[in-house]
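Take a walk through this structure one step at a time. Keep the sequence at hand as you read.

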Amino acid sequence: MYQIIQKTELNSNTTRMVVSAPRIAAKARPGQFIILRVDDEGERIPLTIAGTDPERGTVTIIFQKVGSTTEKLGSLQEGESIRDFAGPLGEPTKLDGLKRVCIIGGGVGCAIALPLAKALHDAGAEVTGIIGFRTKDLLILEEEFSECCQELIVMTDDGSYGEKGNVTAPLKQMLEEGKTFDSVIAIGPLVMMKFVALTCKPFGVPCTVSMNPIMIDGTGMCGGCRLTLHRGEETLTKFACVDGPDFNAYEVDFDEAMSRNRMYMEFERKAREDTCRLLRGNQEVER
Amino acid sequence: MKPDPKRREMPVQPPKERIRNFNEVALGFTAELAVEEANRCLNCKTRPCVEGCPVNVDIPAFIQKLKDGDPEGAYRIISVNNSLPAVCGRVCPQESQCESRCTLGIRFEPVGIGRLERYVADTHNAAAAKAEARPEANGHRVAVVGSGPSGLTCAGDLAKKGYQVSIFEALHTPGGVLVYGIPEFRLPKSIVAKEISGLTELGVTIETNVIIGRTLTVDELFEQGFEAVFIGSGAGLPGFMGIPGESLKGVYSANEYLTRTNLMKAFREDADTPVMKGGKVAVVGGGNVAMDAARTALRLGADSVTVVYRRSMEELPARKEEVEHAQEEGVEFHLLCAPVEILGYWNEEDRQDPKNGFVTGMRCIEMELGEPDERGRRRPVPVEGSGFTLEADTVIMALGTSPNPLIKNTTRGLEVNRHGGIVVNEDGLTSREGVYAGGDAVTGAATVISAMGAGKKAARAIDEFLKNKN
């Protein structure tokens with residue numbers, strides 16, 4: 001059992017939890033993830049690590065309540081425990097030698113982008129941050145980002161905060177103005193990462209994305225997280241859990257990944273409704 | 001006395017009933033049937049069955065105890081060599097091991113050794129469990145990586161010698177392939193749990209959620225004071241064919257399909273983990289895992305299940321009993337047939353159509369058998385112009401698995417072969433001092449009992465190594 005040391009609501013549907021997991025805290029590096037199971041009957045879900053404190057032996061996760069499991073996870077309180085918490089999984093993000101980097105986070109993806117920005121900043125790199133949200137109410141981690149970014153641009157889809165538009169607009173502008181990066185690292189919804197890749201491509205900037213497919217074991221055993229890479233003439237099948245989660249954005253077949261992530265959409269919608277009814281009584285389920 | 005030519009059949013759930021549930025198919029001997037079957041044993045001098053058993057259980061001796069009406073005595077004899085008898089009685093391929101050597105089997109049906117072993121273990125487990133006396137601790141610590149058949153056996157044998165053994169398991173439940181791979185209807189999970197609790201009573205500790213190679217490395221295990229390490233991490237990495245369409249929704253590796261159903265209990269109505277149920281299911285491959293997947297699909301409510309295999313029934317590698325069970329249950333076999341492409345639905349007019357990207361069928365070609373390959377199996381050759389489409393909503397790839405590279409990649413100086421299997425000598429010793437390995441992590445996908453044999457051998461070698469070292 002893995003105890004929840006601290007729980008903070010970052011906004012109406014995003015929660016930060018600091019969880020006691022000393023072995024993982026000692027090992028984890030930016031870009032890696034954990035797999036958790038809320039209770040004995042629960043499913044296994046992957047969540048990327050948002051931070052660690054090796055001295056306290058804690059791992060921070062940030063998640064949005066989007067499905068049955070994240071609803072149940074969100075209903076746990078400080079002092080309660082998560083049944084299973086395994087990791088760190090996946091390969092850490094390769095940050096060595098990067099001097100000028102643009103970090104792009106979309107929505108709850110910012111939780112994962114932050115430790116990368118921090119690590120780069122601590123290593124003396126110049127970090128430009130672009131973070132995007134649907135609307136002002138969903139904004140998270142602005143202060144934390146501003147502490148480690150030379151320049152930080154906040155975007156909202158509806159213009160209720162920062163600039164109106166999506167994250168590719170300022171990226172494109174910077175690239176057109178001749179700004180150069182050793183790497184652009186994007187973490188967020190698949191569609192956002194797809195368009196970041198398309199934006200970068202004409203400028204030839206190396207672009208890395210962090211993939212978050214459906215997964216069971218996280219150790220290379222099920223193959224459910226497989227994705228297709230197009231490398232020159234070759235078509236490669238890779239497992240996000242062991243070969244990733246980071247991939248060269250120019251090689252990823254995003255359309256296929258988006259399709260695969262919708263495999264259990266109907267099941268997930270129903271499961272979430274059932275869970276919400278259970279947790280909140282018969283109030284209308286928030287969509 | 002004239003030998004009894006016919007072996008006693010085990011009662012089974014009728015096919016029509018069992019395809020609607022996940023309960024065990026074979027129901028086990030009654031006390032009466034067990035004694036009748038035991039009495040068939042000739043108690044011959046040559047005892048070839050013992051040689052046929054990868055862990056050399058003293059088969060004639062335990063059968064004698066059954067004849068004497070002492071099943072607990074029989075259990076004590078089996079458990080000297082076999083720490084998981086209830087499992088082996090169910091999943092061992094006895095027909096190609098102990099029973100294939102049986103003297104009675106030269107002229108008649110061999111003694112049903114597996115059935116008797118199962119009876120003995122079940123009878124023992126059903127009786128009020130008396131905790132085995134813990135052996136005196138010898139103060140030495142050994143780490144075991146993975147809680148599948150090889151790891152459990154190695155741990156059990158070492159614990160009996162007084163070692164303090166810690167098993168590290170990557171998943172949330174111990175048992176390895178016994179839990180995630182082999183379905184409930186062949187090996188009930190309560191039986192695995194029972195065998196594992198026998199080990200913990202011996203003093204073995206099991207830590208779940210620890211991925212060796214990530215959470216801790218083999219080198220760190222030594223730093224923490226373990227004096228030897230046994231790697232029994234299995235062969236978990238599933239293979240795909242590399243044909244177009246394998247990433248469509250509805251295509252599973254057998255590992256994923258079985259893990260969702262067995263480990264994550266997706267067969268239950270209230271399960272949190274989904275799996276595609278019903279419709280037309282195609283299973284590609286002909287091994288025991290393919291049979292498990294096909295029979296699981298039926299129980300999940302499939303309208304039809306077809307096993308697609310590129311050679312003929314004669315070469316089909318699954319156990320005969322499993323194939324027969326599958327056939328009785330209504331699994332169809334499309335032999336001499338190979339998929340070349342998986343087909344999916346795509347509505348050009350409506351990109352949001354929820355059916356987009358799901359499997360609709362499989363393009364296949366007929367095969368014929370040509371010259372034998374290096375292993376003596378006749379090589380399948382495509383028949384030109386024989387292409388046809390097999391309709392399917394779900395496709396399960398049961399093409400075999402290979403060892404996971406995680407431990408190799410994170411352990412200094414650990415040698416592996418070109419298939420990713422860890423290289424060991426005849427004692428199970430790897431290229432690193434104090435590091436032993438066995439089971440599928442060494443051989444690639446094989447049987448439960450051969451993995452147990454390897455765990456046993458390594459336990460003996462580890463004992464020797466630590467005795468000489470100190």
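Predicted model: local features only at pLDDT ≥ 70, side-chain atom pairs only at ≥ 80, totals over all residues.

Domain 1 of chain B brings 17 residues to the contact, and domain 2 of chain B brings 23 residues. On the domain 1 side, helix 6 (residues 85-91) of chain B gives the most, with five residues. That side of domain 1 of chain B has 11 nonpolar residues, three polar and three charged.

Next, find two helices in chain B. Helix 5 (residues 71-81) and helix 8 (residues 113-126) have axes that come within 9 Å. The axes cross at roughly 110°. Angles of 65 to 115 degrees count as roughly perpendicular, so helix 5 of chain B and helix 8 of chain B are roughly perpendicular to each other. Helix 5 of chain B uses residues including Y75(B) and I78(B) in this meeting. Helix 8 of chain B answers with residues including V120(B) and A121(B). The contact of these two helices holds six nonpolar residues, two polar and two charged.

Finally, turn to chain A. Strand 9 (residues 100-106) of chain A is mostly covered, with six of its seven residues buried. Strand 9 of chain A pairs with strand 10 (residues 126-133) of chain A in the parallel sense, over seven bridges. Here C102(A) stands opposite T128(A) in strand 10 of chain A.

Technical notes
Residues numbered from 1 in each chain as written. Chains lettered and ligands numbered in written order. Contact = placed C-beta atoms within 7 Å. Helix = DSSP H or I, 4+ residues; strand = E, 2+ residues; numbered from the N terminus. Nonpolar A, V, L, I, M, F, W, Y, C, P; charged D, E, K, R; others polar. Axes fitted to C-alpha atoms, helices over the stretch in contact; angles between N-to-C directions. Parallel < 35°, antiparallel > 145°, perpendicular 65-115°, else oblique. Buried ≥ 20, exposed ≤ 12 C-beta atoms within 10 Å, placed from the backbone. Pairing = 2+ DSSP bridges.
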